[in-house]
Amino acid sequence: MQPSSEVSSGKLSSMEYTSADAVVNLPNLFSDLVRCETRLYNALTESLRAQHGIVTSQFESLRFLRDHPGARVIDLATEFAAGVGAMSKGVDRLERQGWVARQPNPADRRSSVLTLTDDGVRLVEAAEETFTRKLAELLGNSVPDASLSVVAQAFSRLRAALEHDRIGLPAG
């Protein structure tokens, strides 16, 4: 794909990328990506809050901790491209709810290792069913299966490239 600035109807169009078979308006693509993410996130939060009393960010943190034993706040911050302070406050809330426990890190006394409590494990497992069912409903009603596979591969490659190059990390 090559960037181009095409003239149409006598006006300079938005920045576009062109390839042999497609023209993509990049500002429109960005807008679609952001609005879709926001609407999906909000819809998932609605379902998770109604059925489990948590929001999507809490679910994602709990799921990450379940899948990454021995994780620290910095690991959560890195995974979610969030500031360490904000992530630490989120963990504080999870800890107050009794879903997460901080334990001294044997490898580094300045940090803590985060573990799910039994209640946290039960919550994330129940919420995962709700999350997956709602996400399948939202995507399945809008995107054909074959297209969903292509979209998933494209986003996986984009995320890998952004993370490899450390693009979009919070400042500070």
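How far apart in helix α6 are Arg 159 and Glu 163? They are 4 residues apart, a separation of about one helical turn. The legends below begin with the whole chain and then turn to close-up views.

The structure is a predicted model, in which local features need pLDDT of at least 70, side-chain atom pairs count only at pLDDT 80 or more, and totals for chains, interfaces and linings use all residues. Residues are numbered from 1 along each chain as its sequence is written, and side-chain values use heavy atoms, with hydrogens and water left out.

**Figure 1. Overview of the chain.** The chain has 6 helices and 7 strands, taken as DSSP runs numbered from the N terminus (helices H or I, at least four residues; strands E, at least two). Their order from the N terminus is β-β-β-β-β-α-α-α-α-β-β-α-α. Of the 172 residues, 23% count as buried, where buried means under 20% relative accessible area, exposed over 50%, and partly exposed in between (1.4 Å probe, protein chains only). Among contacts (heavy atoms within 4.5 Å) with a separation of 6 or more, 40% are between residues 24 or more positions apart.

Figure 2. Side chains of opposite charge can pair when their charged atoms come close. Glu 79 and Arg 159 form a salt bridge with the closest N and O atoms 2.8 Å apart. Glu 79 lies in helix α3 (residues 73-80) and Arg 159 in helix α6 (residues 145-164), so this pair ties together parts that are 80 residues apart in sequence. Arg 159 also forms a salt bridge with Glu 163, with the closest N and O atoms 2.7 Å apart. Glu 79 is partly exposed at 31% relative accessibility, Arg 159 is partly exposed at 42%, and Glu 163 is partly exposed at 45%.

**Figure 3. Salt bridge between Asp 75 and Arg 72.** The side chains of Asp 75 and Arg 72 meet in a salt bridge of 3.1 Å, N to O. Asp 75 is partly exposed, at 24% relative accessibility. Arg 72 is partly exposed too, with a relative accessible area of 27%.

**Figure 4. Surroundings of Thr 56.** Thr 56 is in helix α2 (residues 56-67) and is buried, with a relative accessible area of 1%. Its side chain is joined to that of Thr 45 by a polar contact of 2.7 Å. A polar contact is a pair of N or O atoms within 3.5 Å; within protein, one must be able to donate a hydrogen and the other to accept it, and residues adjacent in sequence count only if both atoms are side-chain atoms. Not counting residues up to four places away in sequence, Thr 56 touches Tyr 41, Leu 44, Thr 45, Leu 48 and Phe 131.

**Figure 5. Aromatic pair of Phe 64 and Phe 80.** The structure holds 2 aromatic pairs. One of them, Phe 64 with Phe 80, is edge-to-face, at 6.0 Å centre to centre and 65 degrees between the planes. Phe 64 lies in helix α2 and Phe 80 in helix α3, so the pair ties together parts that are 16 residues apart in sequence. Rings of Phe, Tyr and Trp (its six-membered ring) pair if their centres lie within 6.5 Å; planes under 30 degrees apart count as stacked, over 60 as edge-to-face and the rest as tilted. Phe 64 is buried at 9% relative accessible area, whereas Phe 80 is partly exposed at 27%.

Terms used. Salt bridge = Lys/Arg side-chain N within 4 Å of Asp/Glu carboxyl O.
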